[in-house]
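Try each one before reading its solution.

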Amino acid sequence: PILLRNQPYEAASLLNRLQSESRLPLIIAADFERGVSMRLYGTTVFPHPMAYGATGNLQFAEAFGRITAEESRAVGVHWNFFPDADVNSNPANPIINTRSFGEDPKQVGDMVAAYIRGAHAGGMMTTAKHFPGHGDTATDSHLGVARVTGDLARLNSVELPPFRAAIEAGVDAVMVAHVSIPALEPDPNRVATTSTAVVTDLLKKQ
């Protein structure tokens, strides 16, 4: 309750205390998809990422990253689990939808890269998610195993380009999706997070 829906001062006070009591410097991470206001009161309130995609203005996305970074660092958070590099290609998707910058892979990649630039300018680490793409699913992966049914050609043209853009922009981490992707992992008992083909062969090596 101290770190969720509290004021920035209380969060900063607790995180400073944790840092002072730790023998090693702590890296503090948070899920600030819509800025710090998603978790704390009293900070800048941003719209969902899809609103930035609707404007087509990369400067807005970059400012979104920079301001979020400045407010995050002010309360003692170094690392954000964002930006969302998913392409919102399935209108029935119950979990990604407005969390995505849009339905065009090129624009999503550009917005993701702009956000990363802004976040880095403000001194914050970033995470591209949900690799290798969670936009074309019809299941909430928090409640069940979502399935990405596209073939390799589809993945290479739609799902993967924004992640390439994120990596080229210097993203600090990539979050792997807990989804089933038969085109990459034929074992029905393995999801992307436990798949060598997805995590090692595709993400790390390619």
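**Exercise 1.** Is Arg66 buried, partly exposed or exposed, and what is its relative accessible area?

*Solution.* Keep in mind that this is a predicted model. Start with the cut-offs: buried means under 20% relative accessible area and exposed means over 50%. Arg66 has a relative accessible area of 34%, so it is partly exposed. Next, look for its partner: the side chain of Arg66 meets that of Glu70 in a salt bridge, 3.5 Å from N to O. Both residues sit in helix α3, four residues apart, or about one turn of the helix. Glu70, at 42%, is partly exposed.

**Exercise 2.** Find the salt bridge of Arg117 and work out which parts of the chain it links.

*Solution.* The partner is Glu62, with the closest N and O atoms 3.7 Å apart. Now place the two: Arg117 belongs to helix α4 and Glu62 to helix α3 (residues 58-75), so the pair, 55 residues apart, links distant parts of the chain. As for accessibility, Arg117 comes out at 41% and Glu62 at 31%; Arg117 is partly exposed, and Glu62 is partly exposed.

**Exercise 3.** Which side chain of opposite charge is nearest to Asp86, and how far away is it?

*Solution.* First locate Asp86: it's in the loop between β2 (79-80) and α4 (105-121). The nearest opposite charge is on Arg99, 6.4 Å away. A salt bridge needs nitrogen and oxygen within 4 Å, and Asp86, though buried, has none.

**Exercise 4.** Decide whether Leu202 is buried or exposed, then list what it touches.

*Solution.* Leu202 is in helix α7 (residues 196-204). Its relative accessibility is 13%, so it counts as buried. Not counting residues up to four places away in sequence, Leu202 touches Phe131, Pro132, Leu160, Leu184 and Ala197. Take Pro132: it is 70 residues from Leu202 in sequence, yet their C-alpha atoms are 8.9 Å apart.

**Exercise 5.** How does the radius of gyration of the protein sit against the globule rule?

*Solution.* Begin with the secondary structure: seven helices and six strands. The radius of gyration is 17 Å, close to the 17 Å that the rule gives for 206 residues, so the protein is as compact as a globular protein of that length.

How values were computed:
Residues are numbered from 1 along each chain as its sequence is written. This is a predicted model: local features need pLDDT of at least 70, side-chain atom pairs count only at pLDDT 80 or more; totals for chains, interfaces and linings use all residues. Side-chain values use heavy atoms; hydrogens and water are left out. The radius of gyration is taken over C-alpha atoms; the globule rule is 2.2 Å times the number of residues to the power 0.38. Buried means under 20% relative accessible area, exposed over 50%, partly exposed in between (1.4 Å probe, protein chains only). Lys and Arg count as positive and Asp and Glu as negative; His and the chain ends are not counted. Contact means heavy atoms within 4.5 Å.
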